[in-house]
Amino acid sequence: MKQEHGLVPDPVDVRLGARLSELRAEHGWSLGELAERSGVSRSTLSRAERAETSPTASLLNRLCAVYGRTMSQLLSEIEAEPAPVVRAADQPVWQDRASGFVRRSVSPPHGGLRGELVEGRLTAGADIAYDRPPVPGLEQHIWVLEGSLAVTVGDTGHRLGRGDCLRLRVWGPARFRCPGPEDVRYVLAVVRP
């Protein structure tokens, strides 16, 4: 199996594609039905399920919204059972090469817990828009460690600098942008409702 650039697919993309296919089958949906529910084309969904392309953060967010999961929950489902201590070398890292977004699951979701910690990195100029939260009413705490981050939730914009923390519940569209000049690194604490 080849990816767009003639490379062997990333093993994470293969596991993710298989899980996306399983979720669709669990719901009894065809690719067409999932396309209607998510607003993502059938061909894009098919290519993601077959690991012919690496899904973007925006695509995964749309699918998470349809399946009622956070992105961390979805990504944790393709990993082994989470341990109480997650060593730095074992923290799953996922990258959206198209947008310049790198996501490290510092404290992956666990069945008995509602919260998780994520380290996010955006390159200068990166801009990611989510049309809806993966789970309506999702509680988020965004703490900037390095650089600056512009966050827009609904119609309200926030500019965060080093050490600033934004606390909110997400009900609608959200946008994360790194205005630069340097990259931004932040911690995202996510608490399911």
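**Ring cluster**

I began with the aromatic rings of this predicted model and found Tyr130, Phe176 and Tyr186 linked into a cluster by ring pairs. I then looked up how many aromatic pairs the structure holds, and the count is 4. For one of them, Phe176 and Tyr186, I noted a stacked arrangement, with 6.1 Å centre to centre and 25 degrees between the planes. This pair links distant parts of the chain: Phe176 sits in strand S9 (residues 174-177) and Tyr186 in strand S10 (residues 184-191), 10 residues apart. Next I checked burial. Phe176 has 7% relative accessibility and so counts as buried, the cut-off being under 20%. Tyr186 is at 4% and counts as buried too.

I also looked at the pair of Trp94 and Phe101. I have it down as edge-to-face, with centres 6.4 Å apart and 75 degrees between the planes. Trp94 and Phe101 are both buried.

**Loop between S9 and S10**

I went through the loop that joins S9 to S10 and found Pro181 there. The peptide bond between Gly180 and Pro181 is cis, with omega at about 5 degrees.

**Nonpolar core**

Which residues touch the most other members of the largest nonpolar core? I listed Leu122, Ile142, Leu149, Phe176 and Tyr186, out of 46 residues in that core. Helix H4 (residues 57-67) gives the most to this core, with 7 residues.

I took Leu149 and left out its neighbours within four places in sequence. Its contacts include Leu122, Ile142, Phe176 and Tyr186. Val144, His158, Arg159, Leu160, Arg177, Pro179 and Val184 are also in contact with Leu149.

**Helix H4**

I asked how many residues of H4 are buried. The answer is 9 of the 11, so the helix is largely enclosed by the rest of the structure. I wrote down the buried ones: Ala57, Leu59, Leu60, Asn61, Leu63, Cys64, Ala65, Val66 and Tyr67.

I then looked at how helix H2 (residues 31-38) packs on H4: the angle is about 100 degrees and the axes are 9 Å apart. An angle of 65 to 115 degrees counts as roughly perpendicular, so H2 is roughly perpendicular to H4. On the H2 side, the contact is made by Leu34, Arg37 and Ser38. On the H4 side, Arg62, Leu63, Val66 and Tyr67 take part.

**After H4**

Just after H4, I noted a positive phi of about 70 degrees at Gly68. Arg69 has its place in the loop between H4 and helix H5 (71-76). Is this arginine, Arg69, buried or exposed? I found a relative accessible area of 16%, under the 20% cut-off, so Arg69 counts as buried.

I looked for what the side chain of Arg69 reaches and found the backbone oxygen of Tyr67, at 3.2 Å. Not counting residues up to four places away in sequence, Arg69 touches Arg19, Leu23, Cys64, Glu77, Pro134 and Val135. Cys64, one of these, is also among the buried residues of H4.

**Ser72 in H5**

Ser72 is in helix H5. I read 1% relative accessibility for Ser72, which counts as buried. Which residues is Ser72 in contact with, leaving aside neighbours within four places in sequence? I recorded Arg103, Ser105, Pro109, Glu116 and Val118.

**Val85**

Last, I looked up Val85, in the loop between H5 and strand S1 (93-96). Val85 is partly exposed, with a relative accessible area of 49%. I also took the separation of Val85 and Phe101, which are 16 residues apart in sequence and 25 Å apart in space, C-alpha to C-alpha. Phe101 is buried, whereas Val85 is partly exposed.

Note on methods. Residues are numbered from 1 along each chain as its sequence is written. This is a predicted model: local features need pLDDT of at least 70, side-chain atom pairs count only at pLDDT 80 or more; totals for chains, interfaces and linings use all residues. Side-chain values use heavy atoms; hydrogens and water are left out. A nonpolar core is a set of buried Ala, Val, Leu, Ile, Met, Phe, Trp, Tyr and Cys residues joined through side-chain atoms within 4.5 Å. Buried means under 20% relative accessible area, exposed over 50%, partly exposed in between (1.4 Å probe, protein chains only). Helices (H or I, at least four residues) and strands (E, at least two) are DSSP runs, numbered from the N terminus. Contact means heavy atoms within 4.5 Å. A polar contact is a pair of N or O atoms within 3.5 Å; within protein, one must be able to donate a hydrogen and the other to accept it, and residues adjacent in sequence count only if both atoms are side-chain atoms. Rings of Phe, Tyr and Trp (its six-membered ring) pair if their centres lie within 6.5 Å; planes under 30 degrees apart count as stacked, over 60 as edge-to-face and the rest as tilted. Axes are lines fitted to C-alpha atoms, for helices over the stretch in contact, and angles run from 0 to 180 degrees between N-to-C directions. Angles under 35 degrees count as roughly parallel, over 145 as roughly antiparallel, 65 to 115 as roughly perpendicular and the rest as oblique.
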